[in-house]
Amino acid sequence: MNEEIAIPSEKVDALYEQLDQEAEASGYHLNPEREFVRGLVEGLLINEQRYGYRSCPCRLATGDGQKDLDIICPCDYRDADVLEWGNCYCALYVSEQVLRGERKVQPILERRPPEGQRAQELLARPPEPPGEELPPLPVWRCRVCGYLCAREKPPAVCPICKAKQERFERFW
Amino acid sequence: MPESRGCIQGPRDEHRIVFYGLSTCIWCRRTRQYPPLPPPYTGGGRGGGLGVTFEYAYVDLLHEQEQEEVLAQVRRWNPSVSFPTIVVDDVQCVVGYRPEELQEVLGL
């Protein structure tokens, strides 16, 4: 699983373009430093070949998609990190201030909880409804961007950040 | 892509330095290349920018058992098991891309 993987540069450029367009369409921004981002995109493509999904290039994936769910890019921690620090953990995504040059990209501390305390490991315990009255429909929350919707099942793709269905958790 | 493990010989070898990283991690790459080469740099450069001798392990390139052994070493120094983790002389550890802190620890 870990043999050498070479990614053709056209593939890196194609995904770069795609991620950039998707980010801008939903109010997110890629890091303006082009070579830096190309390196990260290459890492995403290497991980996709290795594990079958684009896990964060700056975090160690296990190869078990369920365990790695929170670090599949965009990770569950991106929005909070961009808001607090101006960039996500690997610095693929940045805030508007960074984009405008008013803030610098910096290496940040890991927000991901240690093993055993991650959202996907706690899924077995649905939250207790706060009141006695249950809502007429379950409420689902996107763990990537916080989008909420009340319906029988979460959407196949988050309409806001495009995260897949398995990134949703039962909110209520 | 780099080898999974190895040793880089540099002109400075006063310290025993072990670098634990991920081959896909840009911050790991930047740490190894500090001070940075002028753009456009090609990436994956082998020479340690600081000119120090160091051992390295790219944990993502290791196979299961070896990876577990190396992760146990990383965990001892950095329980959050993030990268890069750089252990100096088996007494100090620098976590993340912190070139200034690393230089200070190395007395450079």
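Two residues are taken to be in contact if their C-beta atoms, placed from the backbone, lie within 7 Å. In this predicted model, 16 residues of chain A are in contact with 22 residues of chain B. On the side of chain A that touches chain B, 9 residues are nonpolar, 4 are polar and 3 are charged.

Within chain A, two helices were examined as a pair. Two packed helices are described by the angle between their axes and the distance between the axes. Helix H1 (residues 9-25) of chain A packs against helix H2 (residues 34-51) of chain A at an angle of about 105°, and their axes are 9 Å apart. Angles of 65 to 115 degrees count as roughly perpendicular, and H1(A) and H2(A) are therefore roughly perpendicular to each other. H1(A) contributes Lys11(A), Val12(A), Leu15(A), Tyr16(A) and Leu19(A) to the contact, where they meet Val37(A), Arg38(A), Val41(A), Glu42(A), Leu44(A) and Leu45(A) of H2(A). This contact of H1(A) with H2(A) comprises 8 nonpolar and 3 charged residues, with no polar ones.

Chain A also contains an open sheet of 3 strands, arranged in the order S4-S3-S5 with antiparallel pairing. Strand S4 (148-150) and strand S5 (168-170) of chain A stand at the edges; each has a single partner strand, so one side of each is left without a neighbour in the sheet. On average, neighbouring strands of this sheet are turned by 30° against each other, direction ignored. Strand S3 (residues 139-142) of chain A pairs with S4(A) over 3 bridges in the antiparallel sense. In S4(A), Ala150(A) is the residue opposite Val139(A).

Technical notes
Residues are numbered from 1 along each chain as its sequence is written. Chains are lettered from A and ligands numbered from 1 in the order in which they are written. This is a predicted model: local features need pLDDT of at least 70, side-chain atom pairs count only at pLDDT 80 or more; totals for chains, interfaces and linings use all residues. Ala, Val, Leu, Ile, Met, Phe, Trp, Tyr, Cys and Pro count as nonpolar, Asp, Glu, Lys and Arg as charged, and the others, Gly among them, as polar. Two strands pair if DSSP finds at least two bridges between them. Helices (H or I, at least four residues) and strands (E, at least two) are DSSP runs, numbered from the N terminus. Axes are lines fitted to C-alpha atoms, for helices over the stretch in contact, and angles run from 0 to 180 degrees between N-to-C directions. Angles under 35 degrees count as roughly parallel, over 145 as roughly antiparallel, 65 to 115 as roughly perpendicular and the rest as oblique.
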